[in-house]
Amino acid sequence: MFVLSLFLLAACGGGPSHNMLNVLPATEGGIAAEHRIFVATTREKANDPSDIYGGQRARQLSFVDLDVTVPASHQIGRIESPSGNAPRDPSKHFAARDIGLIGDETTFERELRADIAKNNGRALVFIHGYRTPFDKSVYRAAQIKNDAAYGGTTILFSWASTGRTVDYLYDSNSASVARDGLEHTLRLVKNAGATRIDIIAHSMGNWILMEALRQFAISGRTDLRDALGDVLLASPDIDVDVFRSQMQRIGRPDRPFVIMLSDDDRALQLSSILAGNRPRVGDYRDSEELAQLGITVVDLSAIRVEDRLNHTKFAENPVLIQMLGEQLARDDLSDQTAMPLEQQIARLTGGVAQTVGSAAAIVITTPLEVINVAVGQ
């Protein structure tokens with residue numbers, strides 16, 4: 001019944017506008033922050049120019065930079081947006097401005113290099129998930145940067161998702177098309193002077209990331225590995241067997257490599273059904289098995305957010321997103337005195353950080369009686 005209702009909901013007409021240019025003038029005191037977001041995308045330009053990019057696949061990467069404003073009324077964990085086709089009011093909503101379509105890679109790398117230099121070589125790459133139109137991918141990247149108080153350069157890798165639930169197979173194929181583009185983007189960020197590259201991938205974006213890291217491993221090049229910082233896999237929409245094979249090729253991580261999963265992730269339950277009832281990494285119940293791969297597994301099953309699908313906990317729970325920011329702010333990845341993310345979450349929930357097999361493999365188990373940290377309270 002849940003699957004049917006979700007598809008019927010997605011098939012209904014209407015829905016929110018993806019117009020990024022319909023923005024009211026900003027009022028004095030209405031904006032809390034403004035963030036520069038660099039974008040590399042495998043999307044074609046949208047049929048409606050106000051949407052900037054659509055869900056069709058391009059044959060080569062395109063590049064954009066833009067500023068996103070955050071309203072003074074912003075509540076951590078939310079992406080405030082208007083309903084329907086109403087214009088964006090910067091005092092109430094996330095809003096984009098100064099959108100610059102960059103004509104060539106050389107110019108993009110030059111601008112990226114200047115920003116990375118100002119941020120002491122720090123860069124964060126965010127890869128969105130399934131069912132995400134271009135505008136939402138931009139606002140999510142800005143929300144993560146803002147709520148995690150990330151101080152480095154932020155790069156969004158936006159692949160060709162239509163933003164429609166019924167296009168799961170199309171999005172899956174778009175993810176396959178995008179893996180070379182992500183590999184190239186990561187090389188570009190490194191070549192632009194990044195000395196530490198943190199990565200956050202969500203949902204189906206994790207498959208693109210794992211394939212790109214696998215391609216790096218196959219090539220034998222270590223330049224990215226030397227610059228790789230924290231890697232966070234949030235709600236990975238990857239077949240468990242596929243993930244094991246990817247990890248075998250990538251090898252045991254020597255930097256923080258964290259999976260955030262939840263066994264009440266309804267979006268991944270749907271994905272599992274569409275994939276022939278094969279378990280997905282993001283709602284896999286055998287955390288210990290995943291931890292044996294040398295990965296930190298954080299079980300968020302007891303954490304609550306307003307998302308009825310429980311698919312975006314990592315970004316929507318106010319305490320979690322701020323903890324993530326503290327993790328990313330650690331300058332020295334070898335600093336053993338700082339409390340790792342998984343132990344912070346265990347302390348928050350009253351859970352237990354349990355070593356499994358290797359000291360590098362830690363599983364977090366959260367009790368059912370965890371205090372509910374609700375968005376907006």
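Strand 4 and strand 5 (residues 153-158) pair in the parallel sense over five bridges, where strands are DSSP runs of E with at least two residues, helices are runs of H or I with at least four, both are numbered from the N terminus, and two strands pair if DSSP finds at least two bridges between them. This is a predicted model, in which local features need pLDDT of at least 70 and side-chain atom pairs count only at pLDDT 80 or more, while totals for chains, interfaces and linings use all residues. Residues are numbered from 1 along each chain as its sequence is written, and side-chain values use heavy atoms, with hydrogens and water left out.

**The protein as a whole**

- The secondary structure of the protein comes to 12 helices and 11 strands.
- Of its 377 residues, 56% count as buried, a term that means under 20% relative accessible area, whereas exposed means over 50% and partly exposed lies in between, with a 1.4 Å probe and protein chains only.
- Among contacts (heavy atoms within 4.5 Å) between residues at least 6 apart in sequence, 78% join residues at least 24 apart.

**Strand 4 and its neighbours**

- In strand 5, isoleucine 155 is the bridge partner of valine 125.
- From strand 4 the chain crosses through helix 3 (residues 134-147) to strand 5, and this β-α-β crossover is right-handed, which means that, with the strands pointing away from the viewer, the path from the first strand over the helix to the second runs clockwise.
- Strand 4 also pairs with strand 6 (residues 196-202) in the parallel sense, over six bridges, and in strand 6 the bridge partner of leucine 124 is aspartate 198.
- In a regular strand the side chains alternate between the two faces of the sheet.
- Both faces of strand 4 are covered, with Arg122, Leu124 and Phe126 buried on one side and Ala123, Val125 and Ile127 buried on the other.

**Helix 2**

- The 14 residues of helix 2 (residues 105-118) should span 20 Å at 1.5 Å a residue, and its end C-alpha atoms are 20 Å apart, which agrees; the expected span is 1.5 Å times one less than the number of residues.
- Thr107, Phe108, Leu112, Asp115 and Ile116 are buried in helix 2, and because they cover an arc of only 165° around the axis, they lie on the same side of helix 2, the arc being that of the directions from the helix axis to the C-beta atoms.
- On the other side of helix 2, Thr106, Arg110 and Ala117 are exposed.
- What covers the buried residues of helix 2 includes strand 4, strand 5 and helix 4 (168-191).
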